[in-house]
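Please consider the sequence and the three-dimensional structure shown below. The paragraphs that follow lead through selected parts of it in turn.

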Amino acid sequence: MFLPGDYHTHSFLCNHADGQLIEYIQTAISLGLPEIGLSGHFPMFLLPPQFHKYAMDISELPNYLATAKELKEKYKSKIQTKIAFEVDFHKPIFSQYEQALKPYLPDLDYLIGSIHGLKWKDYIIPIESSFILPAELARKNIGKDTLLVSYYSDLLELVRSNFYDVLGHFDVIKKLGFTPDDEDRIWESILRVLDALETSNMVVEVNTSGLRKSENELYPNKRIIKELIARKILLVIGSDAHHPTDVGYAFEPTIHFLKKNGLKSVSKISSQERVQVPLN
Ligand SMILES: [Zn+2]
Ligand SMILES: [Zn+2]
């Protein structure tokens, strides 16, 4: 079966993941993938200190890029290695991120834009399954729907920023396990993101890491994937590997599922172009 590239991988540099960059590339080669994207978290120094440990330090950046370039060259007869970052989106500090990334853009093939923390007033709520609604929010009767709408409105701003190439783990907010009170209201806010994607140059990632977690579901879910396919929004697949053995995780059943739902091709990405590869 044809397997496309894996555009979302981490490494030991992200502190919460294991393995050297070379091991991710070698796993991809052993699976016969045509491309592998190295997409470590861009340093989170602009975020509150509790987030810093989830990414490499800014001092490690030159070494990351040098190693990635060396490996790209070394393995070029076997696989196309793409150099990327997964970058957080937080509207209040977006322009600072943009400035911080600027010097590195010529070395990068693409950027994944993702949300890992939900800003609500003075809180940045980590999007983690262990999250418990802070007492103050619960006391003020801030509904879960308000947080869900707030997440999708941040996602809409991410798409509108026109800065990223790939939208990462679309509905990762489901990690919080919130069941909406008003499902239609949440769907409306998702549709606004899809409308913006249709007129953007962004590709959406189908992220298989949810299948390794308690949600046991792709990001995004089936309903959103069907809508993406119907609207002909370009898709890539990413394992969000945090260990070399995660590379290409569940790609076969995912491709099967996407084809069954009418997807005819997946995308190859670089900063300049999105080439379509048919799913035969
Ligand atoms: Zn992420
Ligand atoms: Zn990731």
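On one side of helix α9, the residues Glu 252, Pro 253, His 256, Lys 259 and Lys 260 are exposed. The model in which this is seen is a predicted one. The buried residues of α9, a helix that covers residues 251-260, are Phe 251, Thr 254 and Leu 258. Viewed down the axis of α9, these buried residues lie within an arc of 65°, and they therefore line one face of the helix. An α-helix has 3.6 residues a turn, so residues three or four places apart point the same way. The partners against which the buried residues of α9 pack are β7 (203-207) and β8 (235-238). After α9 comes Gly 262, whose phi is positive, near 100°.

Two further helices may be taken together. Helix α6 spans residues 144-160 and helix α7 spans residues 183-198; their axes come within 9 Å and cross at roughly 5°. Because angles under 35 degrees count as roughly parallel, α6 is roughly parallel to α7. The residues of this contact comprise 11 nonpolar, 2 polar and 4 charged. Among those that α6 contributes are Leu 148, Tyr 152, Leu 155 and Val 159, while those from α7 include Ile 186, Ile 190, Val 193 and Leu 197.

The largest nonpolar core has 61 residues, and the residues with the most contacts inside it are Tyr 24, Tyr 164, Val 166 and Met 202. The largest share of this core, 6 residues, comes from α6. In soluble globular proteins, nonpolar side chains tend to be buried together. Leaving aside neighbours within four places in sequence, Tyr 164 is in contact with Val 87, Leu 111, Ile 112, Gly 113, Leu 158 and Met 202.

The loops hold some details of backbone geometry. Most residues other than glycine have a negative phi, and most peptide bonds are trans. Asn 162, in the loop between α6 and β6 (166-167), has a positive phi near 60°. Asn 162 counts as exposed because it has 10 C-beta neighbours inside 10 Å. Asn 216 lies in the loop between β7 and α8, and its phi is also positive, near 45°. With 8 C-beta neighbours inside 10 Å, Asn 216 likewise counts as exposed. Pro 220 is found in the loop between β7 and α8 (222-230), and the peptide bond that leads from Tyr 219 to Pro 220 is cis, with omega near -5°.

How values were computed:
Residues numbered from 1 in each chain as written. Chains lettered and ligands numbered in written order. Predicted model: local features only at pLDDT ≥ 70, side-chain atom pairs only at ≥ 80, totals over all residues. Axes fitted to C-alpha atoms, helices over the stretch in contact; angles between N-to-C directions. Helix = DSSP H or I, 4+ residues; strand = E, 2+ residues; numbered from the N terminus. Parallel < 35°, antiparallel > 145°, perpendicular 65-115°, else oblique. Contact = placed C-beta atoms within 7 Å. Nonpolar A, V, L, I, M, F, W, Y, C, P; charged D, E, K, R; others polar. Core = buried A, V, L, I, M, F, W, Y, C linked by C-beta atoms within 7 Å. Buried ≥ 20, exposed ≤ 12 C-beta atoms within 10 Å, placed from the backbone. Arc of directions from axis to C-beta.
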